[in-house]
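Please look over the sequence and the model below.

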Amino acid sequence: MNLTEAKAYAMKNVNNRPEATGRLRGKISIVTGGAQGFGFGIAQEMYREGAAVVLADINEELAKSAAESLGERAVGIKVDVGNPESVENLIIETVEHFGGIDIFVANAGVLRAGSLEDLTPEHFEFVTRVNYHGFFYCAKYASEIMKAQYQAAPDKWFDIIQINSKSGLTGSKNNFAYAGGKFGGIGLTQSFALELVDYHIKVNAICPGNFYDGPLWSDPEKGLFVQYLNAGKVPGAKIVEDVKNFYLSKSPIHRGCTPLDVARALFYCVEQSYETGQALPVTGGQTMLK
């Protein structure tokens with residue numbers, strides 16, 4: 001099946017969705033970076049609310065095992081979001097397996113912290129390719145299917161949701177590659193929203209606070225606590241625990257963000273019918289809209 005054939009197949013099956021109960025019942029969804037950490041947590045909550053979920057991840061083996069742990073409405077598919085051919089293949093495989101796409105969650109992301117002096121051009125390009133270019137590729141190919149579905153069922157709405165970051169709302173010292181890509185992601189979100197609304201495709205971003213329990217922050221070798229300690233991002237920090245306590249103190253609620261917190265914001269984005277192009281903070285008050 002190629003993309004043209006996938007569009008035709010999705011049009012034919014737009015009213016044929018998996019049976020389930022819950023807030024997302026029958027919705028066919030994709031979560032990139034969905035095999036572990038934040039992405040898997042979000043996918044779990046979506047599955048519990050009745051969605052069929054594609055766990056799309058560069059780690060194919062982990063994606064397949066994670067999907068098996070959820071149940072029959074989940075499948076694991078390999079994707080490199082920084083590669084447009086890989087993203088196109090993800091879209092085609094999803095349509096082949098489930099018959100269409102109702103929700104695309106662009107969650108996959110990477111981070112390399114460092115100062116202007118220390119961060120290499122190669123690391124900057126890598127972060128930008130995955131976090132910024134990758135969102136473009138995902139929106140480009142997912143929207144092709146959603147546009148076709150709209151032609152067949154003009155009463156239906158579809159959703160593209162970027163899991164952005166609080167770093168997309170305010171600058172981040174010694175973390176410019178990540179923050180720059182996330183700021184850009186909000187620009188893409190607003191622009192895609194204006195372009196796609198005529199096809200009943202809502203495009204929104206969710207900007208989570210820090211998920212301290214996942215590998216992005218807590219990996220003992222590559223996690224952000226270690227990276228920030230080594231980069232001197234937290235003045236006076238001697239050990240990883242000092243870095244963690246510094247960040248916990250930034251939220252009035254004094255805890256990290258969880259996948260359930262983000263999933264609840266995602267449910268709102270899908271269920272509401274009067275918002276598009278928004279960047280919704282879920283930061284425990286650490287970042288407030290101005």
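What follows covers the sheet, the packing around it and a loop position.

This is a predicted model: local features need pLDDT of at least 70, side-chain atom pairs count only at pLDDT 80 or more, and totals for chains, interfaces and linings use all residues. Residues are numbered from 1 along each chain as its sequence is written, and side-chain values use heavy atoms, with hydrogens and water left out.

**The sheet.** Seven strands form an open sheet in the order β3-β2-β1-β4-β5-β6-β7, with parallel pairing. β3 (74-78) and β7 (279-282) stand at the edges with a single partner strand each, so one side of each has no neighbour in the sheet. From one strand to the next, the twist averages 20°. Strands here are DSSP runs (E, at least two residues) and helices likewise (H or I, at least four), numbered from the N terminus. Two strands pair if DSSP finds at least two bridges between them.

**Around β4.** β1 (residues 28-32) pairs with β4 (residues 103-106) in the parallel sense over three bridges. On its other partner, β4 runs parallel to β5, joined by four bridges.

| Residue | Opposite residue |
|---|---|
| S29 | I103 in β4 |
| A106 | Q162 in β5 |

Both faces of β4 are covered: I103 and V105 are buried on one side, F104 and A106 on the other. Buried means under 20% relative accessible area, exposed over 50%, and partly exposed in between (1.4 Å probe, protein chains only).

**Helices.** Helix α2 (residues 37-48) lies across β1, β2 (52-57), β3, β4, β5 (158-163) and β6 (201-208), and runs at about 170° to β2. Helix α4 (residues 84-98) packs on the sheet too, touching β1, β2, β3 and β4, and its direction makes about 155° with that of β3. Axes are lines fitted to C-alpha atoms, for helices over the stretch in contact, and angles run from 0 to 180 degrees between N-to-C directions. β4, helix α5 (residues 121-152) and β5 make a right-handed β-α-β unit. Right-handed means that, with the strands pointing away from the viewer, the path from the first strand over the helix to the second runs clockwise.

**The loop residue.** V234 sits in the loop between α8 (224-231) and α9 (240-248). Is V234 buried or exposed? V234 is buried, at a relative accessible area of 7%. Beyond its neighbours within four places in sequence, V234 is in contact (heavy atoms within 4.5 Å) with Y228, V243, F246 and Y247. P154 is 80 residues from V234 along the chain, and their C-alpha atoms are separated by 52 Å.
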